[in-house]
Each structure stands twice: as C-alpha cells, then as structure tokens.
Amino acid sequence: MFDELLARNDEIEFIAVFGGMAFLFLIEAGVPRRIAENSQTQRWLNNISLALLNYYLTAMLSFQFAVIALYFQPEMPFLKHVELPVAVTVLLTILVADGVNYWLHRAFHQFPILWRVHVVHHTDTEFDVTTANRHHPLELMITMLVTLPVAVFLGAPIIAVIIYTYLSILVNLLSHANISLPNWLDRVLRLLIVTPDFHRMHHSSYHQYTESNYGTISPWFDYLFGTATGLAYDQLPNMQLGLDRYRRKVDGRLDRLLTLPFTYRR
Ligand SMILES: [Zn+2]
C-alpha cells in the first residue's frame with residue numbers, strides 16, 4: 001500500500017498542489033481578505049503557468065537528485081545513529097527542514113545574486129493562492145540542492161520526508177491565500193503555522209516588512225531570531241504589495257518572469 005502510494009507520488013503531489021490551489025481559490029472568492037481593483041485573470045494565468053512549469057521540472061529532477069543523494073549517503077546518518085521513535089524523527093525532520101528553509105529564505109534576500117532569482121516571487125502585485133508557487137525554476141533547484149543534503153545527513157526516514165513535503169505544500173498554499181480569517185483565529189493559528197496575515201507582511205512594498213516573516217511552515221524561527229512582524233491585518237489594511245519598479249501588467253508575463261533574474265535592476 002505504502003509502496004504503491006510512493007510510486008504514484010508525482011500524481012498525488014499534483015493533486016495536492018493544484019487541487020489545494022483550486023479549493024483555496026474558491027474560498028478566496030467567497031471570503032476574500034483584500035479586493036483587487038483590476039481583473040486578475042491574466043495574472044492568475046501567468047502564475048499558474050509558472051506553477052505548472054515548476055511542478056514538471058521538480059517531478060523530472062527529483063529522481064536525479066535522489067540518485068545523487070543516495071550516492072553520497074553517509075555511513076551513519078544522525079537519526080539512524082541515535083535511534084528515536086518514529087514520531088520524534090518526523091517532528092525533528094520537519095523542524096530541521098523548516099529551519100534550513102528559514103535561513104535559506106533569508107539568504108535569498110541577503111545576497112544580490114540570490115535575490116535576482118527570488119525577486120520573481122516578490123514582484124507579484126497582489127497576494128493570493130496563485131502567488132504561492134510563483135517562483136523562478138532556479139529557486140526550486142537551489143532549494144533542492146540545499147535541503148536534500150541536509151535530509152541525507154540527517155538520515156530522515158522516507159515517511160518523515162513525505163509528511164514534511166505535503167505539510168509544506170499545504171501550509172505554503174494556505175499562507176498565501178487571500179482569505180479573511182477572523183483575527184482571533186489568526187492569532188491562535190500563528191502560534192503554530194504561518195498564516196496569510198502573517199506572511200502577507202513579507203510581500204509588502206515597505207522594505208522593513210519585506211525583511212521580516214520569512215518562515216515557511218512555522219513562524220517560530222522568526223520569533224526566535226527577531227524577524228517577526230506581528231501586526232494584525234486591521235493595523236495596515238491597505239498596505240501596498242510587490243515592488244515599485246515592477247508594477248506594469250507586462251512585468252507579470254511568463255516570459256518576463258522567466259528572464260527576470262537576468263534583466264533585474266534595483
Ligand atoms: Zn521572500
């Protein structure tokens with residue numbers, strides 16, 4: 001049963017990414033947090049095209065990356081050395097991977113060469129579930145190159161990798177969703193996971209807010225390392241999103257997004 005599911009992982013991942021996106025898209029239509037002034041159809045099509053391209057690229061490359069990872073597998077990975085209960089290894093894997101992604105995200109903002117790649121995500125002038133997978137394919141490849149060796153040296157069991165993968169897919173979609181959660185619910189949820197109101201601050205046009213709320217699954221690393229902006233939605237309801245220099249419709253076109261790392265000017 002488990003092996004069968006594993007063999008069909010690509011299909012299941014497709015359903016999780018695009019089914020989750022469609023589900024949240026419907027909720028956004030019912031209870032939106034922000035109402036966009038212009039039609040979003042073109043923006044949605046460009047973002048979804050990039051998401052599809054990224055999905056197929058990841059599906060194509062994950063096998064190659066897995067082969068390389070197995071080749072370099074250490075004799076005694078950390079988790080196999082200490083022998084912990086499965087639940088603990090799963091939690092540890094999620095925590096370590098989330099921590100690595102937090103620092104990687106900070107690096108994408110800190111180093112100009114990495115920012116050129118990550119900027120594709122930040123030029124979106126609106127914030128909804130289609131923003132979630134609006135990443136340049138190079139960003140995905142860099143992320144895989146960094147996180148895979150960590151999983152290998154940690155010795156994370158396959159079940160932990162799978163749980164982490166699907167958790168990050170779902171929280172990533174939810175944290176970008178343009179849905180109106182009651183403030184009390186957002187306050188409770190953000191103790192555990194990154195909520196839309198928490199992550200939207202990171203997409204602000206105001207530099208001080210863009211340089212905060214880097215977390216992917218949990219906001220704990222932002223709290224721990226002092227990069228959390230804990231404003232509630234009502235405190236800045238009309239905050240501008242995106243980057244000042246990239247606000248034209250043409251800037252969101254698929255070909256422009258794919259070439260942006262090479263054409264980007266501050
Ligand atoms: Zn960012």
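**Exercise 1.** Leaving aside neighbours within four places in sequence, which residues is L170 in contact with?

*Solution.* Before starting, note that this is a predicted model, where local features need pLDDT of at least 70, side-chain atom pairs count only at pLDDT 80 or more, and totals for chains, interfaces and linings use all residues. Residues are numbered from 1 along each chain as its sequence is written.

- Step 1: apply the contact rule, which asks for C-beta atoms, placed from the backbone, within 7 Å.
- Step 2: skip the neighbours within four places in sequence, and you get A16 and G20.

**Exercise 2.** Decide whether L170 and N213 are buried, partly exposed or exposed.

*Solution.* 

- Step 1: L170 has 16 other C-beta atoms within 10 Å, so it is partly exposed.
- Step 2: N213, in the loop between α11 (207-210) and α12 (220-224), has 26 C-beta neighbours inside 10 Å and therefore counts as buried.
- Most residues other than glycine have a negative phi.

**Exercise 3.** Describe how α2 and α8 cross, and what their contact is made of.

*Solution.* 

- Step 1: the axes, lines fitted to C-alpha atoms over the stretch in contact, with angles from 0 to 180 degrees between N-to-C directions, come within 10 Å and cross at roughly 25°.
- Step 2: that angle makes α2 roughly parallel to α8, because roughly parallel means under 35 degrees.
- Step 3: the contact is made by A16, V17, G20, M21 and L24 of α2 and Y166, I169, L170, L173 and L174 of α8.
- Step 4: sort those residues into 9 nonpolar, 1 polar and no charged. Nonpolar covers Ala, Val, Leu, Ile, Met, Phe, Trp, Tyr, Cys and Pro; charged covers Asp, Glu, Lys and Arg; the others, Gly among them, are polar.

**Exercise 4.** Which residues have the most contacts inside the largest nonpolar core?

*Solution.* 

- Step 1: a nonpolar core is a set of buried Ala, Val, Leu, Ile, Met, Phe, Trp, Tyr and Cys residues joined through C-beta atoms within 7 Å.
- Step 2: the largest has 13 residues, and M21, L24, V129, L173, L174 and A177 have the most contacts inside it.
- Step 3: α2 (9-30) and α8 (158-176) are the elements giving two or more residues to this core.

Technical notes:
Buried ≥ 20, exposed ≤ 12 C-beta atoms within 10 Å, placed from the backbone. Helix = DSSP H or I, 4+ residues; strand = E, 2+ residues; numbered from the N terminus. Contact = placed C-beta atoms within 7 Å. Parallel < 35°, antiparallel > 145°, perpendicular 65-115°, else oblique.
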